[in-house]
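Biologist: I'm new to this one. Can you put it up and walk me through it?

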Amino acid sequence: MAVSVPDLVAQPALRLTALTSHCDDSERRIRWVSTTELPDPLPFLRGGELVMTTGLLDRAEADWIDLLGRLAELPVAALCVGTGLVHRTVPPVVVETAERVGLALLGSPVEVPFAQISHWVAEQTFAEQYDAVRAASALQDELMRELLSGHGLRGLLRRLYRQLGAGPVAVVEPDGSVLARHPASSTWPGDAPGASVPIEVDGVPVAQLRTRRPTPRGDLLSFATSILGLEVARHQAVLTGRRELLGQLLEDVTHRTIPDADARRRLAAHHLAVDGPNAVVVARVDGDPARLRSLPWTLGPLLEREGDRLPTALIDDTVTVVVPDGVDAKAAARTVAGHLRLLDPKVRVGVGEPRRGVTGLRLGYFEARQAAQAGPGVHRAAPLSLAGLLMGNLDLPLHELGTGVLAPLLRHDEAQHADLLTTLRTYLAHDCASAATAAALTLHRNSLRYRLQLIEQLTGRDLDRLTDRIELWLALTALDADPAAG
């Protein structure tokens, strides 16, 4: 805050005399001091200065009138004219014009050098700035203590509410839902005209800190969002570590790299009991898997310094949640999908059937993985098939093997614009019945016979042999499980 003109006049050591009534205006703030004897000082002024001059130039009355009018229009904070060196007193035309144009005019005796006035203004200005910085630092310390204490996010919002004077404050998630507010009883309109500052993690906005009314304390809001972002990132890193540890254990369990007895003991250390039935939820997210680890998709628990409400694991690009007996697995899956849609709007979520024991956990995981392949949204698992288990086993290169088996058909169809792959799929789907296949494809039986013979020639398989039929069916299933492969 700058020094006011009345503050300057009230300083007895400076011996300044107020020569116009405008010197009593406490709204006239001095932002800096400029000493000048130039014919036209206006190009070097920005407004708010205390302009000091001895009147060394011999100005005509018209020149004084023009200069004072322009100083008042800029406006400067005040004009101080030194007396006793060039002028014994301030010229009457200066006093009269200053009063008329609304300019604060001061007289300064020669015994008080302009440097003394400049020093006093500078000391006061810097002292006020230091006090403001110290007060801001104290407020920032209070906000930090509130956040890191047991009061957490709600304590920080309470402190902001008291300091900002901008009405209720709230943390609002990207979907518009209010995560926390103060006062707790306040309503929160979506079109509140107050301030809004993003809370960012890794450069990505994850929420907004909002006030009901505008506030001049944007610096305090920015500091609050910065420490909120750091706090979220810190807890996110801890939570990610826990999720990856559980993910490594679940990988060991699903791939049977550890004995079931050892798996049971290690799962218990993660508060995961397998004596009762557990359902498994698997969510798959497209894009950079690093986003699953760096960006918060459960912001509320992070800001409240809590962990996952259900055992949650990270395995590559998937999130796996183990849902114990008594908890609605479908509702938990919808919650997971809602969180992860912020990272991938087409997130795919599968829900397995509740099963007991380590074996049940293993089967439930593959069930959920298979269900998640159905596409965007939440899908309940169908009864797990042997083919589904095979397709869900990441250690088997089934996609590559399937593509290798069917490569001659894929190349032929692309080159000839033919439908041998569709013909084979339809033939196997109709239990290798020629009449039903021809009807489904709207083909003459001779045309179907020709296509089947061509399929046998290109693939080197005999469609009358059961083992060759199974191999072709598995190859098609592998392509269907990964459409990009075909």
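Modeller: Here it is; note that this is a predicted model. Start with F44, which counts as exposed because its relative accessibility is 62%.

Biologist: Where is F44 in the fold?

Modeller: F44 is in the loop between β4 (32-35) and β5. Its C-alpha atom is separated by 9.0 Å from that of S34, and the two residues are 10 apart along the chain.

Biologist: Which residues make a nonpolar surface patch?

Modeller: L56, L85, V86 and V110 make one of about 380 Å².

Biologist: Take L56. Is L56 buried or exposed?

Modeller: L56 is exposed, because its relative accessible area is 57% and the cut-off for exposed is over 50%. L56 is placed in the loop between β5 (49-53) and α2 (61-73).

Biologist: Now the inside. Which residues touch the most other members of the largest nonpolar core?

Modeller: That core has 24 residues, and the ones touching the most other members are L156, L157, L160, L164, V171, I199 and L209. At least two residues each come from α5 (152-164), β8 (169-172), β10 (196-201), β11 (204-211) and α6 (218-254). The largest share is that of α6, with seven residues.

Biologist: What does L209 touch?

Modeller: Leaving out residues up to four places away in sequence, L209 touches L157, L160, A170, V171, A195, S196, V197, I199, L221, A224 and T225.

Biologist: And how many residues are in the second core?

Modeller: The second core is separate and has 21 residues, among them V321, A332, L343 and V351.

Notes. Residues are numbered from 1 along each chain as its sequence is written. This is a predicted model: local features need pLDDT of at least 70, side-chain atom pairs count only at pLDDT 80 or more; totals for chains, interfaces and linings use all residues. Side-chain values use heavy atoms; hydrogens and water are left out. Patches are made of residues with over 30% relative accessible area and no salt bridge: like charges are joined within 9 Å, nonpolar side chains (Val, Leu, Ile, Met, Phe, Trp, Tyr) within 5 Å. Accessible areas come from the Shrake-Rupley method with a 1.4 Å probe; for residues, only the protein chains shown count as cover. A salt bridge is a side-chain nitrogen of Lys or Arg within 4 Å of a carboxyl oxygen of Asp or Glu. Helices (H or I, at least four residues) and strands (E, at least two) are DSSP runs, numbered from the N terminus. Buried means under 20% relative accessible area, exposed over 50%, partly exposed in between (1.4 Å probe, protein chains only). A nonpolar core is a set of buried Ala, Val, Leu, Ile, Met, Phe, Trp, Tyr and Cys residues joined through side-chain atoms within 4.5 Å. Contact means heavy atoms within 4.5 Å.
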